[in-house]
Amino acid sequence: MNKMGPLGAAALLLVSGALAACRGGESETSEGEIKTDVGVTAEPCPGATDQSKGCIYLGIISDLTEGPFRALAVPITDAQKAFWKRVNEDGGIGGYEVDVTKYVRDNKYNPQTHNQVYQEIKPNVLGLAQTLGSPTTAAIINDLKSNSVVAAPASWTSAWAFEDVIIESGANYCVESMNALDYAKEVYNPKSVMAVHLAGDYGEDAAAGAKLAAQSLGMTFSAVKTDSGADKQAGAIQAILTAKPDLVIVTTGPADAAAIIGQTVARGYAGRFIGTSPTWNPALLQSAAAPALLARYEQSAPWNAWATDSAGHKAMREALGSVTPNDGYTSGWVWSYSMKAALSKAVENGDLTRAGLLAAAKSLTSVDYEGMLPSGAGNYAAGPNEGAVRVTAIYKADRAAATGVGQVRDLFTGPTAKAYTLDGPCYEKL
Amino acid sequence: MAELIEAVLRGLGTGSVYALLALGFVIIYKATRVISFAQPAFMLAGVTMVTYLVLEVSFWVAVPVAALLTGLLALGVERLAVRPMVGRPAFVVAIITLGVDVAVRVVVNAFIGLDVRNVLDPWGLRTVGIGGIDMQQRHLAAFLTTAALVAALFAFFRFTRMGLAMRAAAYDQEAALAQGVSVGTVFALSWGLAGALAAVAGTFAAAGSSVDAALWLIALTALPVIILGGLDSLPGAVVGGLAIGVLQELTATYQNHAPWLGGNVSVITPYVVMLLVLLVRPYGLFGTREVERV
């Protein structure tokens, strides 16, 4: 320090002070006319396209190594990196580019780990570009709320409609299952429905949607809770074989779904299956369950698959280049639009603080999904019921399709989902 | 009646997988007095090798080659991580095997990748029907393979010099050493055998299903099996494995008569059995009763 002299020391202090204020400090500063606090810097992002722009840091917490949804989570994360790269190349958001690469953490689909890594990155990020999983995000939701940290979820529970800090996209599991039953009623007219589901928001939300729809459509309903793991499905398999429902709504991981569908069909079950979107993985077409999947399985989905012809889908395929098609990419891409809209609105309002971003997100009346969701989607200002997106597409296993599933029905809203008043998280009604 | 018989047959199929895994645990325990918690990792490594090998050669070649390679892997791990610990308390070595398990699985998970993998077995989910009773071919194959391997192991321990050496070392290591038995070779061979058996078990666990990173959890069921059969009894491992498999399937089949137990009680039945055995007969059905003089 002595060698630097008093001037050098003063400069160092100034620089370190400025860094603290920009990166982790809670004190508000103004960059030009835009107010900022946490996770926004005047310095460019690492590897910035335009070095003259500041940087907005967003965190990603996903299931990247050993959790049950990693086959979806890794492409989701890659698609989000590509999405924000495209945003930056198109001029960024106001005077800023967006970084989603520096604060990427693995939650291993474990709520405790999720909270731990969230606490690690919280002082450095404005919001979360991705928080994967319902139970995992539930572990940090109170912290998100008390610190006004806006987050784009990678899950579809109906609880998110009631949380201002969560900017969800697409229909929730509850609405998805209602639409699945409306579709089934029209095509197969089942008399009895069984929901086979994982515990927690993911499975229970879908099961509750199926129950509410079955009640309104005059079908008998039963629910069977199961655990994650292909070897843990014996109970669910037996329950299906005993009750012999006409239709089973499956809300599990892909390996579990394959075990349930493959083995019940092998043991003589004659009904049909509709799985929520995370039940599918293209590799299942190589498994022993493939013939059963091809014959009896359909997938409900909150948006259309990889190969769809829309501006958003095209932009996604271009941005990702020659990857193996996977609808994890599609989901990651769609989920990013609402955060982009919220950031743009916040910059427009001149307030890129956490509170400013939250206010901007709450005031959004629509999000431009470039045709991946119908216009009017992303209306967070309208509240949970009016703002809820209620469209679902139906796919079936198809070896010729890019992601192993081919469209059976384009995005539609069934009469049950249309009439339903979303007055609380669905899973509370199971 | 048909339902009951079919449940028992399914149980014998899954029980065969447990038996093969448990045999690995017991072989290592008998030779080294250590419970090796690395067996789940060897099972996952073996079955993952099969998923790669079947893309190049037929299933019938892939499985023995993967078993051999897994045996060599186990042998290498024993040499590097366990042999230097000879003479240390068994507890320390057991903890080291836990570390080995995690390390090997991390590497194997990288090979499994994101998607589920398949062993492309010839049975799939097809069944054979005899007199109105259906049995899945993969269960029949698992049972027959286990029977053949158990017979071969019995012959090996009974009729070969190395088998005799292993039995001698299991009985009294120092006495065996004094008689010229290479206890080091016995250790290595026991790890190699256990690794190979785990690879075969993993293949049958994945037959008709698929391979993902969570498959290793199946191997944990071998712990209740060896507690039931007796830690140091090879017949105990086989009988215990089949018994636990059958019990689990019967519970799954008839659990709807006791809905208050929940929808997936069969998953925990092996552990309930383990608890009961530990309370009533801690050395298991066929294990050696320890006599302690105080």
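Helix H2 (residues 39-53) of chain B packs against helix H3 (residues 59-82) of chain B at an angle of about 140 degrees, and their axes are 9 Å apart. That angle makes H2(B) oblique to H3(B). Keep in mind that this is a predicted model.

**The H2 and H3 pair of chain B**

- H2(B) and H3(B) cross in a right-handed way.
- On the H2(B) side, the contact is made by Phe42(B), Ala45(B), Gly46(B), Met49(B), Val50(B) and Leu53(B).
- H3(B) brings Ala62(B), Val63(B), Val65(B), Ala66(B), Ala67(B), Leu69(B), Thr70(B), Leu73(B) and Ala74(B) to this contact.
- Sorted by class, the residues of the contact of H2(B) with H3(B) are 13 nonpolar and 2 polar, with no charged ones.

**The H1 and H8 pair of chain B**

- Helix H1 (residues 2-32) of chain B packs with helix H8 (residues 183-206) of chain B at an angle of about 170 degrees, and their axes lie 8 Å apart.
- H1(B) and H8(B) are therefore roughly antiparallel to each other.
- From H1(B), the residues that meet H8(B) are Ser16(B), Val17(B), Leu20(B), Leu21(B), Leu23(B), Gly24(B), Ile27(B), Ile28(B), Ala31(B) and Thr32(B).
- Their partners in H8(B) include Val186(B), Phe187(B), Trp191(B), Leu197(B) and Phe204(B).
- The contact of H1(B) with H8(B) has 18 nonpolar and 4 polar residues, and no charged ones.

**What UniProt lists for chain B**

- An unreviewed UniProt entry gives the feature "transmembrane region" at residues 12-29, 59-77, 89-112, 140-160, 181-207, 236-254 and 260-280 of chain B.
- In the model, residues 59-77 of chain B are 100% helix and 0% strand, with end C-alpha atoms 26 Å apart.
- Residues 260-280 of chain B are 57% helix and 0% strand, and the end C-alpha atoms of that span lie 26 Å apart.

**The two domains of chain A**

- The domain assignment divides chain A into domain 1 (29-170 + 309-387) and domain 2 (173-301 + 391-429).
- Between the C-alpha centres of domain 1 and domain 2 of chain A there are 29 Å.
- Where these domains touch, 20 residues come from domain 1 of chain A and 22 residues from domain 2 of chain A.
- On the domain 1 side, helix H2 (70-89), helix H4 (134-138) and helix H14 (384-387) of chain A each give two or more residues.
- H4(A) provides the largest share of that side, 3 residues.
- The side of domain 1 of chain A that touches domain 2 of chain A has 13 nonpolar, 6 polar and 1 charged residues.

**The UniProt feature and a helix pair in chain A**

- An unreviewed UniProt entry places the feature "domain: Leucine-binding protein" at residues 56-381 of chain A.
- Residues 56-381 of chain A are 45% helix and 17% strand, and the end C-alpha atoms of the span lie 24 Å apart.
- Helix H11 (residues 311-320) of chain A and helix H12 (residues 327-348) of chain A pack at an angle of about 115 degrees, with axes 10 Å apart.
- This makes H11(A) roughly perpendicular to H12(A).
- The crossing of H11(A) and H12(A) is right-handed.
- Gly312(A), Met316(A) and Leu320(A) of H11(A) meet Tyr329(A), Thr330(A) and Trp333(A) of H12(A).
- By class, the contact of H11(A) with H12(A) has 4 nonpolar residues, 2 polar and no charged.

**Where chain A meets chain B**

- Chain A puts 34 residues into the contact and chain B puts in 27 residues.
- On the side of chain A that touches chain B, H2, strand E10 (220-226), helix H8 (234-243) and helix H9 (254-266) of chain A each supply at least two residues.
- H9(A) gives the most to that side, with 7 residues.
- The side of chain A that touches chain B is made up of 17 nonpolar, 11 polar and 6 charged residues.

How values were computed. Residues are numbered from 1 along each chain as its sequence is written. Chains are lettered from A and ligands numbered from 1 in the order in which they are written. This is a predicted model: local features need pLDDT of at least 70, side-chain atom pairs count only at pLDDT 80 or more; totals for chains, interfaces and linings use all residues. Domain bounds come from an automatic or database domain assignment. Two residues are in contact if their C-beta atoms, placed from the backbone, lie within 7 Å. Helices (H or I, at least four residues) and strands (E, at least two) are DSSP runs, numbered from the N terminus. Ala, Val, Leu, Ile, Met, Phe, Trp, Tyr, Cys and Pro count as nonpolar, Asp, Glu, Lys and Arg as charged, and the others, Gly among them, as polar. Axes are lines fitted to C-alpha atoms, for helices over the stretch in contact, and angles run from 0 to 180 degrees between N-to-C directions. Angles under 35 degrees count as roughly parallel, over 145 as roughly antiparallel, 65 to 115 as roughly perpendicular and the rest as oblique. A crossing is left-handed if the near helix is turned anticlockwise from the far one by less than a right angle, and right-handed if clockwise. UniProt positions are given in the numbering used here, feature names are shortened, and annotations may be inferred rather than shown by experiment.
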